[in-house]
Amino acid sequence: MSLSVTISHQLSDFHLDAQFEAKGPLTALFGASGSGKSTLVNVIAGLVHPASARIIVDGETLIDTSRKVFQPAHRRRVGYVFQDARLFPHLSVFQNLRYGKWFAPQQQRYANEDNIIGLLGIEPLLSRKPSQLSGGEKQRVAIGRALLASPRLLLMDEPLASLDSGRKAEIMPYIERLRDDLEIPILYVSHSLAEVARLANDIVVLADGKVAAYGPAQDIMQRLDLVPEDERGEGGAILDMQVLSYDSGFDMTTLTSAAGTLRMQGHAGTSGKLLRIRIRARDVMIATQEPTFISALNIISGRISRMEESGGASMTITLDCAGSPLMARITRQSAAALELAPGQPVYAVVKSVSIA
């Protein structure tokens, strides 16, 4: 699975100049509104003819302006899921799904109808019309229609942006299934750091039409300077952990990793299950001595690896916890009062309810 993108395109007074290579199952294209995300995916999809571009998906060239190669949109085999589902209102769910199937030549069709329907949990919806579906159900059907076209690449342009929090929670596990089960690259566009942190293997940060950073999600999530101000509170660390046990009496799951043991609320899975968790910097407190008699259940030892002023009264502290990074956003006054310094051993305090 690979996607190589090089684009230079002028749109009125906006210049898109982006280059990156995505090799993981799901790459997130992240940035503030107006950063060029939708223009970039429209170029990939063939909906915009760029001034200069070279786009290759798994060795297949979709466009190379230097060689005058430009595959039209209907031949690119690129699945596209928009913010709004864009289903045909006069067709049933089943008819909408089958519509996508005819865009792939017979010899290139690989998508199994029953498998896609099962993967997205839409079998009970097949006879309904779009007007009878919730927002989350419509998006699942739209994803199914895109997948039944047997795409070599799936583009998802802010597919959850129009949904409320309940519908987002409903559809998120299905997108995780696509990431884990499909064998095609997914480019997922979002301006929500919470979505990106949960779904992405790699993140491309777009700002003012240029790639500000690109790399593994665990690394990019620590770069709060790359995050728009209104999303900065969602930044922090991503940890890969394993379920150790579940206590049904307290409805608490215990997780373990090299960083230590953590407890989070709810049933997160059976013993041995691998989980990705996000701990926001704003939810971490720092102590210079191991705390006792406090309500927070998670106390992790670490060493300060970096201290950066975040603007105003804030400071971001990065900890090395047995090789795993953890971040805390505290006030400069607190850092001064505790006399914090790089290399200093400290304890991170994290409330169980704040672990996502």
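How many helices and strands does the chain have? In this predicted model, the chain has eight helices and 20 strands. The legends below begin with the whole chain and then turn to selected details.

**Figure 1. Overall dimensions of the chain in the predicted model.** Taken along the principal axes, the box filled by the C-alpha atoms is roughly 65 × 50 × 35 Å. The radius of gyration is 22 Å, which agrees with the value near 21 Å that a compact globule of 356 residues would have. Of these 356 residues, 51% are buried. When contacts between residues at least 6 apart in sequence are considered, 65% of them join residues at least 24 apart.

**Figure 2. Close-up of the two ends of helix H3, with Asn112 at its start and Gly121 following it.** At the start of H3, the backbone nitrogen of Asp114 has a side-chain oxygen of Asn112 within 3.1 Å. Gly121, which follows the helix, has a positive phi, near 60 degrees.

**Figure 3. Close-up of an open sheet of four strands.** The strands are arranged in the order E14-E13-E12-E15, and their pairing is antiparallel. Strand E14 (260–265) and strand E15 (274–280) stand at the edges; each has a single partner strand, so one side of each is left without a neighbour in the sheet. From one strand to the next, the twist averages 45 degrees.

**Figure 4. Close-up of the antiparallel pair formed by strand E12 (residues 236–247) and strand E13 (residues 252–257).** The two strands are joined by five bridges. Opposite Thr253 in E13 stands Tyr246.

Figure 5. Is Ala212 buried or partly exposed? Its relative accessible area is 42%, which means that Ala212 is partly exposed. Neighbours within four places in sequence being left aside, Ala212 is in contact with Val205, Ala207 and Leu226. Leu226 is 14 residues from Ala212 along the chain, and the C-alpha atoms of these two residues are separated by 7.4 Å.

Key: Residues are numbered from 1 along each chain as its sequence is written. This is a predicted model: local features need pLDDT of at least 70, side-chain atom pairs count only at pLDDT 80 or more; totals for chains, interfaces and linings use all residues. Side-chain values use heavy atoms; hydrogens and water are left out. Buried means under 20% relative accessible area, exposed over 50%, partly exposed in between (1.4 Å probe, protein chains only). Contact means heavy atoms within 4.5 Å. Two strands pair if DSSP finds at least two bridges between them. Axes are lines fitted to C-alpha atoms, for helices over the stretch in contact, and angles run from 0 to 180 degrees between N-to-C directions. A polar contact is a pair of N or O atoms within 3.5 Å; within protein, one must be able to donate a hydrogen and the other to accept it, and residues adjacent in sequence count only if both atoms are side-chain atoms. The radius of gyration is taken over C-alpha atoms; the globule rule is 2.2 Å times the number of residues to the power 0.38.
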